[in-house]
Amino acid sequence: MSKRRALITGITGQDGSYLADFLLEQGYEVIGMVRRTSTINFARIHHIQDKITLVSGDLLDQGSILAILQEYKPQEIYNLAAQSFVPASWKQPVFTGEVTALGVTRMLEGIRTVNPEIRFYQASSSEMFGKVQEVPQKESTPFYPRSPYGVAKVYGHWITVNYRESYDLFACSGILFNHESPRRGLEFVTRKITYNVAKIKLGLSQQLALGNLDSKRDWGFAGDYVRAMWLMLQQDSPDDYVVGTGETHSVEELCETAFSYLGLDWHDYVIQDPRFMRPAEVDLLVSDPGKARRVLGWEPDVSFTELIQMMVDADLATLKKEHNL
Ligand code: NAP
Ligand code: G4F
């Protein structure tokens with residue numbers, strides 16, 4: 001039997017790299033769509049580069065999407081590409097809308113015209129809940145986004161639902177809560193903290209400037225979450241699912257967990273800097289992942305403390321190697 005073939009957009013990102021690892025383990029042929037950049041940024045997929053096929057395309061460019069679907073004929077598409085950093089969405093709101101919102105329509109139009117049998121996963125976000133209307137948040141909780149990014153993701157979610165209902169596509173929206181890993185971008189708060197804790201421990205830095213320490217997030221491990229994406233596309237019918245741990249922690253607790261792991265007191269190093277405050281904040285996110293558990297049989301394996309310790313360990317090891325320590 002021939003291998004199943006999956007197309008991943010955003011394969012150079014955190015989730016794309018873990019999903020590629022996972023799909024290869026499941027015996028898939030993996031096609032990754034990458035946009036042209038002047039400097040190659042394949043660090044997260046370097047270890048599997050000889051096992052995957054990378055093709056040039058951009059969510060801003062309808063023609064490139066059509067050409068990829070026609071040439072590579074994937075059976076499953078995981079649309080993970082996005083401008084995904086919330087603060088950048090206030091600086092570049094139009095660009096964020098073009099990629100993170102309209103990019104979804106470009107992909108769905110490609111599927112509708114080239115092969116409506118393709119199964120489609122859209123990377124939706126708990127940022128859509130924003131100023132939360134219910135605690136915990138589940139699939140039926142109304143959205144109230146608080147950033148141009150959140151607004152763009154609400155569009156991406158509803159256009160996915162609309163194409164499912166209009167054209168009978170197998171299109172799923174995964175509403176994923178924050179998920180992190182040693183491969184997380186350095187600007188996101190978890191990695192910013194674990195990386196700087198490691199630098200401080202090694203004497204490479206003395207201070208860490210953060211924004212709002214009171215906001216709470218439902219943080220899980222990215223490696224667990226890509227399994228949920230795949231499970232959604234293996235069901236008999238398409239649907240939308242909330243994916244999270246059901247636990248919430250503040251940024252302050254995150255500091256406490258990361259610093260104390262290396263025997264440090266975060267109060268001695270963390271300062272608050274207004275530059276990292278947001279025009280509108282999402283104060284509290286916590287999932288009700290009951291449907292994912294019941295229907296998909298999905299449960300996270302890695303706890304909050306294990307996740308933060310894993311990230312601190314990885315950053316310590318990388319920094320020691322870089323600095324010959
Ligand atoms: P990430 O690390 O920022 O990766 C984003 C990916 O999108 C990168 O591969 C990037 O390519 C690619 N990309 C950006 N603009 C593109 C364009 N115009 N055309 C093609 N590719 C483009 O994000 P992530 O954390 O892996 O998240 C994956 C997806 O899940 C995103 O859609 C994000 O919004 C969503 N999500 C994430 C979380 C989370 O906690 N991580 C939670 C909910 C939803 P370059 O390498 O070239 O920049
Ligand atoms: O790590 P963050 O930047 O993640 P945020 O904004 O929750 O978004 C992430 O998760 C979403 C899922 O809910 C994804 F859709 C999205 O793509 C992205 O992956 O910030 C988390 C919290 C915020 O409340 C922020 O105000 O940490 C607070 N924070 C405090 N100081 C900081 C900082 N965030 C960042 N990035 N940097 C700081 O210095």
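Student: What does the side chain of Thr-9 make a polar contact with?

Tutor: With the side chain of Asn-79, at 2.7 Å. Keep in mind that this is a predicted model, and the distance is computed from it.

Student: OK! Which backbone nitrogen lies 3.0 Å from a polar atom of the Thr-9 side chain?

Tutor: That is the backbone nitrogen of Leu-80.

Student: And where does Thr-9 lie? Is Thr-9 buried or exposed?

Tutor: Thr-9 lies in strand β1. Its relative accessible area is 0%, and buried means under 20%, so Thr-9 counts as buried.

Student: Which residues does Thr-9 touch, leaving out those up to four places away in sequence?

Tutor: Thr-9 touches Met-33, Tyr-78, Asn-79, Leu-80, Ala-81 and Met-107. You can see Asn-79 and Leu-80 in that list.

Student: Let's switch to helix α2. Which of its residues are buried?

Tutor: In α2, which covers residues 62-72, the buried ones are Ser-64, Ile-65, Ile-68 and Leu-69.

Student: Why are they on the same side of α2?

Tutor: Because they cover an arc of only 130° around the axis. As a general point, an α-helix has 3.6 residues a turn, so residues three or four places apart point the same way.

Student: What comes just after α2?

Tutor: Lys-73, which takes a positive phi of about 45°.

Student: New topic: ligand 1. Which of the 25 residues around ligand 1 come nearest?

Tutor: Thr-12, Arg-35, Asp-58, Ser-84 and Tyr-149.

Student: Which polar side-chain atoms lie by an oxygen atom of ligand 1, and how far away?

Tutor: One belongs to Tyr-149, at 2.6 Å from a ligand oxygen. Another belongs to Lys-153, at 2.9 Å. There is also a backbone N or O atom of Gln-14, which lies 3.1 Å from an oxygen of ligand 1.

Student: How much of ligand 1 does the protein cover?

Tutor: The protein covers 90% of the 900 Å² of accessible area that ligand 1 has on its own.

Student: Last one! Which element gives the most to the shell around ligand 1, and how do the shell residues divide?

Tutor: Strand β5 gives the most, with 3 residues. At least two shell residues come from each of α1 (14-25), β5 (119-125) and α5 (148-167). By type, the shell has 10 nonpolar, 10 polar and 5 charged residues.

Definitions and conventions
Residues are numbered from 1 along each chain as its sequence is written. Chains are lettered from A and ligands numbered from 1 in the order in which they are written. This is a predicted model: local features need pLDDT of at least 70, side-chain atom pairs count only at pLDDT 80 or more; totals for chains, interfaces and linings use all residues. Side-chain values use heavy atoms; hydrogens and water are left out. A residue is near a molecule or strand if one of its heavy atoms lies within 4 Å of it. A polar contact is a pair of N or O atoms within 3.5 Å; within protein, one must be able to donate a hydrogen and the other to accept it, and residues adjacent in sequence count only if both atoms are side-chain atoms. Accessible areas come from the Shrake-Rupley method with a 1.4 Å probe; for residues, only the protein chains shown count as cover. Helices (H or I, at least four residues) and strands (E, at least two) are DSSP runs, numbered from the N terminus. Ala, Val, Leu, Ile, Met, Phe, Trp, Tyr, Cys and Pro count as nonpolar, Asp, Glu, Lys and Arg as charged, and the others, Gly among them, as polar. Buried means under 20% relative accessible area, exposed over 50%, partly exposed in between (1.4 Å probe, protein chains only). The arc is that of the directions from the helix axis to the C-beta atoms. Contact means heavy atoms within 4.5 Å.
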